[in-house]
Amino acid sequence: MSDVDIHGLIAGYAVDGLDPQERAAVERHLPECDDCRRDLAEFRETLVRLAYAEAAQPSEELWTRISAQARRTRQAPLPPLPKADGERAAGHGRPADGDEGGNHGGDGSAAEVVRGPARWWRRQLPWLVAAACALVAVSLGVTLLSVGRTMEESQRHHAEVEALLAAPDTHMHEGPLGDDARATAFTSYEMDALMLVVEGLPDAPQGMAYQMWYVDEDGMRSAGMLSLSSDGRYAGMAHDMGSPVQVGVSLEPEGGMPEPSERPMKFDL
Amino acid sequence: MERVRDIGMDGAGRPGGGSVPSNDELAELVRKTAVGDLAAFERVYRELCGPVFGVVRRVLLDEAQSEEVAQEVFLEVWRHCSRFDPARGSARSWVLVIAHRRAVDRVRSEEAATERTAAAGRLEPGATPADGVEQHVETSLEREKVRRCLRRLTELQRDAVRLTYYTGYTQREAADLLKVPLTTLKGRLRDGLIRLRDCLGVAA
């Protein structure tokens, strides 16, 4: 199928009127065709208008059913965090289950990462901020909820996380932690705060928990505990950051210790 | 729907502003939903349940099935809203793409196969998309605009849009039903959408 043929299929794609092979061809073609993506976006906005013209009120019980089910339904994991070297994988490493739920199917190359010294991830990829924010907020939120705290409290955490990510001087650091884990940290001197997300840590044994440490010239001080999220990541947010050169993580008795009782795994900031 | 909607623009120019979220506000609500904010999710639902349910019902022609599908749609939104990317289109479009696809999947599934014959009957000349959905809905300006724009299409353009978007046929099936070559159908569908787009003043 030629590109011209495929371009002629965009309308059919927008109305879900293609055969599976045609649909696959369009989805392969979209990333490399700016005009096609623009046409598709416009057709879809047009169809939004058609849908609104069809609007009809479902029964009030529908929301009751949906909200009840949503409470029991885990939200899908977020796209992976960006790599510190500006790799684009994060944007396009969405779960490979087709277009369903993914924004505009196949047209995954819209965002261009321009490498820059700082915060390229925020300037260039606003959704990435949302994703990073959500990742941590979810980690915190889920844990908080699971120990019976209130929704308000988890929302306060969301707000803190969002504020940190939105701070003008926020930096992202990414690297290995210990032998198997990878850590991503967001730091802001202005907010005096740090947020850490760790993937690949073994589960803490019963009665134990991971504790974060700020490592600076004066030694180590506690930066609070990491919480386990339902997707197996550990995350934590800490204030009073100061100017640490590293962040450490060690396994401690639940509730934390004033000083690390083992040599923490360390991660450069 | 009890309000006049002007969803084509981003908040600006909407009479009274009111409680209809702009595209940006809706995107923000979806983003909050992604972190488990049920209150934000409810606002997304309140804003979009009408068009979602309406368009699904338009395809399925069955109230109960349409609620089932609408429920699936919103749960999918709940599960996957972390994937919504405002850079690629509006939240309304994102949700309604899911809704239409789900409806079409349902109508094409085997259990619905018997309905297809009945669906062909929906091709009465002059039928407007809103026919048969009055019971819950007040006439809105938006509906009138869309009707007017649909009337401006050629008959074949309108049939192409109707059989695919509103009824859930593939282009191929629609071409067979209309007894025109597939290439003609494709062209008319595309022309029809372009004309609708221009008539409705849509800019992506």
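Helices, of at least four residues, and strands, of at least two, are runs assigned by DSSP and numbered from the N terminus. The structure examined here is a predicted model. Counted in this way, the secondary structure of chain A amounts to nine helices and nine strands. Chain A has 269 residues, of which 46% count as buried. Its contacts can also be considered by separation along the sequence: among those between residues at least 6 apart, 57% join residues at least 24 apart.

Some of the strands of chain A form a sheet. Four strands make up this open sheet, in the order E5-E4-E8-E9, and their pairing is antiparallel. At the edges stand strand E5 (219-225) and strand E9 (265-268) of chain A, each of which pairs on one side only. From one strand to the next, the twist averages 30°. Within the sheet, strand E4 (residues 208-216) of chain A runs antiparallel to strand E8 (residues 246-253) of chain A, and eight bridges join the two. One residue pair illustrates this arrangement: Tyr214(A) has Val247(A) in E8(A) as its bridge partner.

The interior may be considered next, beginning with a general principle. In soluble globular proteins, nonpolar side chains tend to be buried together. In this model, the largest nonpolar core has 78 residues, and Val52(B) and Val56(B) are those with the most contacts inside it. Helix H2 (residues 38-60) of chain B contributes the largest share of this core, 12 residues. Apart from this core lies another, of 31 residues, which include Ala193(A), Leu194(A), Tyr234(A) and Ala238(A).

If neighbours within four places in sequence are left aside, Val52(B) is in contact with Ala70(B), Val73(B), Val95(B), Leu96(B) and Ala99(B).

The crossing of H2(B) past H4(B) is right-handed. On the side of H2(B), the residues making the contact include Leu48(B), Pro51(B), Val52(B), Val55(B) and Val56(B). On the side of H4(B), they include Arg92(B), Val95(B), Leu96(B), Ala99(B) and His100(B).

Definitions and conventions: Residues numbered from 1 in each chain as written. Chains lettered and ligands numbered in written order. Predicted model: local features only at pLDDT ≥ 70, side-chain atom pairs only at ≥ 80, totals over all residues. Pairing = 2+ DSSP bridges. Axes fitted to C-alpha atoms, helices over the stretch in contact; angles between N-to-C directions. Core = buried A, V, L, I, M, F, W, Y, C linked by C-beta atoms within 7 Å. Buried ≥ 20, exposed ≤ 12 C-beta atoms within 10 Å, placed from the backbone. Contact = placed C-beta atoms within 7 Å. Left-handed = near helix turned anticlockwise from the far one by under 90°.
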